[in-house]
Amino acid sequence: MLKIGDRLPEGTLYEFIEVEGEGCSLGPNAFDIAKSTAGRTVALFGLPGAFTPTCSAQHVPGYVAAAEELRAAGVDEIWCVSVNDAFVMGAWGREQGTAGKVRMMADGSGDFARATGLELDLTGRGLGKRLQRCSMLVVDGVVRALNVEAPGKFEVSDAQTLLAQARALRQG
């Protein structure tokens, strides 16, 4: 399993882009993880699925609400990663009001979840293989803080925990 000091695995995440921009067309766009984290501080949180109860009511809203504080603590971007496709993540982002605050990154194939060792098997519940609920602070592609939830819990991967870790890291 991924641990503090490890580099994020190589791979690609996808984001649904609603407004055409420099180098980004409308619709799903692929982003290389290594290139997207190079020279940046990213607050990344992972969760089991879009539109699920805890994820929709607590996890994403907490990061949306804390976006400015996280940026003030030195975070360049906030990523929400889930094993869903980019269309679903885009629709969920619209519903959650994440524009300009949290990037909704799709791990449609589950490759990122597997590569990090944070894959969660929810096949028995009809959800297939997912990403375990977690949060991490990634600096220049290296994990500097990591919070992995126990199954069914939401206690350590919240925005306030990661914000405190970002502030502590910034203070050195």
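**Strands, rings and a helix face**

At 41% relative accessibility, Phe51 counts as partly exposed, because the buried class ends under 20% and the exposed class begins over 50%. This value, like the others here, comes from a predicted model. The ring of Phe51 forms a tilted aromatic pair with that of Trp92, with 6.1 Å from centre to centre and 45° between the planes. Trp92 has 0% relative accessibility and therefore counts as buried. Phe51 belongs to the loop between β3 and α2, and Trp92 to helix α4 (residues 86-96), so the pair ties together parts of the chain that are 41 residues apart in sequence.

The count of aromatic pairs in the model comes to three. Another of them is formed by Phe45 and Tyr63, which are stacked, with 3.9 Å between the centres and 5° between the planes. Phe45 is in strand β3 and Tyr63 in helix α2 (residues 53-65), so that this pair too links distant parts of the chain, 18 residues apart. Both Phe45 and Tyr63 are buried.

Strand β3, which carries Phe45, leads on to the sheet. β3 (residues 41-47) runs antiparallel to β8, and six bridges join the two strands. Within this pairing, Leu44 stands opposite Met136 of β8. Strand β8 (residues 134-139) is mostly covered, with five of its six residues buried. β8 also pairs with strand β9 (residues 142-148), again in the antiparallel sense and over six bridges. Here Ser135 is opposite Asn147 of β9. The hairpin of β8 and β9 has two residues between the strands, and Asp140 takes a positive phi near 55° in it.

Helix α6 (residues 159-171) packs against these elements. Its buried residues are Ala159, Leu162, Leu163 and Ala166. Viewed down the axis of α6, the buried residues fall within an arc of 105°, so they line one face of the helix. An α-helix has 3.6 residues a turn, so residues three or four places apart point the same way. The buried residues of α6 pack against β3, β8 and β9, and also against the helices α2 and α3 (67-72). The length of α6 can be checked as well: at 1.5 Å a residue, its 13 residues should span 18 Å, which agrees with the 18 Å between its end C-alpha atoms.

Strand β1 (residues 12-17) has a covered face made up of Leu13, Glu15 and Ile17, while Thr12, Tyr14 and Phe16 make up the uncovered one. In a regular strand the side chains alternate between the two faces of the sheet. β1 is joined to strand β2 (residues 27-32) by six bridges, and the two run antiparallel. Leu13, on the covered face of β1, has Phe31 as its bridge partner in β2. β1 is also antiparallel to strand β5 (residues 103-106), with two bridges between them. Glu15, likewise of the covered face, has Met105 as its bridge partner in β5.

Which ring does the charged end of Arg103 sit over? The ring is that of Phe31, and the charged end of Arg103 is 4.6 Å from its centre.

Methods. Residues numbered from 1 in each chain as written. Predicted model: local features only at pLDDT ≥ 70, side-chain atom pairs only at ≥ 80, totals over all residues. Heavy atoms only, no water. Buried < 20%, exposed > 50% of the residue type's maximum accessible area, 1.4 Å probe, protein only. Helix = DSSP H or I, 4+ residues; strand = E, 2+ residues; numbered from the N terminus. Pairing = 2+ DSSP bridges. Phe/Tyr/Trp six-rings, centres within 6.5 Å; stacked < 30°, edge-to-face > 60°. Lys NZ or Arg CZ within 6 Å of the ring centre and 35° of its normal. Expected span 1.5 Å × (residues − 1). Arc of directions from axis to C-beta. Contact = heavy atoms within 4.5 Å.
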